[in-house]
Amino acid sequence: MIRLLIAAPSSGGGKTVLTCAVLAALKRRGLTPCAFKCGPDYIDPMFHRAVLGVESRNLDLFLSGETVLRQLFARSAAGHGAAVCEGAMGFYDGVGGTTHRASAWHVADTLGIPVLLAVRAKGASLTLAAQIRGLQSFRKDSHIAALLLTDSSPMLCKSLAPMLEAETGLPVIGCLPHLPEAAFGSRHLGLVTAGEIQDLTARISVLADALEANADLDRLLARCTFADAPSIPSAAREPITQIAVAQDAAFCFAYAETLETLEAAGARLCFFSPLADERLPEGTCGLYLPGGYPELYARALSENGAMRTAIRTAVEGGLPTVAECGGFLYLGQSLQDGNGEPWPMAGVLPGEGVKTERLVRFGYHQLTAQEDGLLLRRGETVPVHEFHYWDSTANGSAFASEKGQRHWRCGYSGKTLHAAFPHLYFAGRPELAERFVTNAAAYGKEHRG
């Protein structure tokens, strides 16, 4: 089996583009690859899924422990001929930017997999070797197995490769040239989503062609081949209740592992669109509103009054509900669009969603419940992550958040409600999924018969 992690010295190094090119090339070779993403990222896995047609999963050593991560990797990679993980940020950049915890290197070290380092060659030559040597020696085992020059012409790669190989001892397997016709656009939360790029398949094909023409993949794969690890069976369970999951262009930030953990706890997941549908799916006993881009679709969400009313009635009627980030904003009174115009939302919570023009409470932190609720008991602490440019005028106070020396309160909690900006990761704390499913099943017995 091929195992590989693609990393870079810093953000903006072309990791996602290179990962898609590698996945497409491996797929062409009949290796049935699967993909992973380091850290709390929702958008990059969408591109992996677009290439492969199968789920891409997150590997996060802040939101879960090393044992869970190894199990998730082994279970997800089973049956595939290759497993490719895309790193995040700079290679060693972990929690708070000051530790290697939860970095791409930490994931590679935990799994013991080789690293392809993507290096931008423009503006430097011998200095590149010094930087790479620093990355090699920064930790006892860097796991760096090969180099690839991104956004580089074949001529420049041919010129630099002998020097880089002599100075670092690492093979330079080639380059991925500058390809503006295959670029992925960006906006305030990173890349645009894969579904918004109409010619994505053609762009990825261009990338794969360029990689095959300018890189020696066989040389790379020879360094990344391992015996197949024993598979870990999934914890399959017969469904005992139905949970409705919002999934459309406005609500597209849900970890595959979170959904799978809910299923393992006994949930039958039924997907619906707050943009297009007028009511919740028949038989709904629980509701999950994940994050996404509700601010980009504020008008359309508001104009779907039937769905807003259905959700407000259901939540106020005691339907067990989990709402994170974008889902939290949707439950508020109103939400400003990108132009600052407010639009009425579901009206369950008191706050109004407002545009801030900056990242708000960005990053990992710890969330401690101040009262008993649907998911957390008083005093329990869970790791979470936030990433948003919109804020609420009433963030709530059910949870205490701690990020280094910073402390604040947030969220709403009750016997049937968990609503807050921070994203949870159920795979790291499966008991939260068990509680959600148990409460949904109890609601079903009481209200559905």
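Here is a quick briefing on a seven-stranded sheet and on residue Q336. This is a predicted model, where local features need pLDDT of at least 70, side-chain atom pairs count only at pLDDT 80 or more, and totals for chains, interfaces and linings use all residues. Residues are numbered from 1 along each chain as its sequence is written, and side-chain values use heavy atoms, with hydrogens and water left out.

**The sheet**
- Seven strands line up as β3-β2-β4-β1-β5-β6-β7 in an open, parallel sheet; strands (E, at least two residues) and helices (H or I, at least four) are DSSP runs numbered from the N terminus, and two strands pair if DSSP finds at least two bridges between them.
- β3 (56–59) and β7 (172–176) sit at the edges with a single partner strand each, so one side of each has no neighbour in the sheet.
- From one strand to the next, the twist averages 25°.
- β6 (residues 144–150) pairs with β7 in the parallel sense over three bridges, and L149 stands opposite C175 in β7.

**Helices on the sheet**
- Helix α2 (residues 43–52) packs on the sheet and touches β2 (33–38), β3 and β4 (82–86); contact means heavy atoms within 4.5 Å.
- The direction of α2 makes about 175° with that of β2; axes are lines fitted to C-alpha atoms, for helices over the stretch in contact, and angles run from 0 to 180 degrees between N-to-C directions.
- Helix α7 (residues 200–214) touches β6 and β7, with its direction at about 145° to that of β7.

**Around Q336**
- Q336 belongs to strand β14 (residues 334–336).
- Leaving aside neighbours within four places in sequence, Q336 contacts E295, E341, P342, G353, V354, K355 and W390.
- A polar atom of the Q336 side chain lies 3.0 Å from the backbone nitrogen of K355.

How values were computed: Polar contact = N/O pair within 3.5 Å; in protein donor to acceptor, adjacent residues only side chain to side chain.
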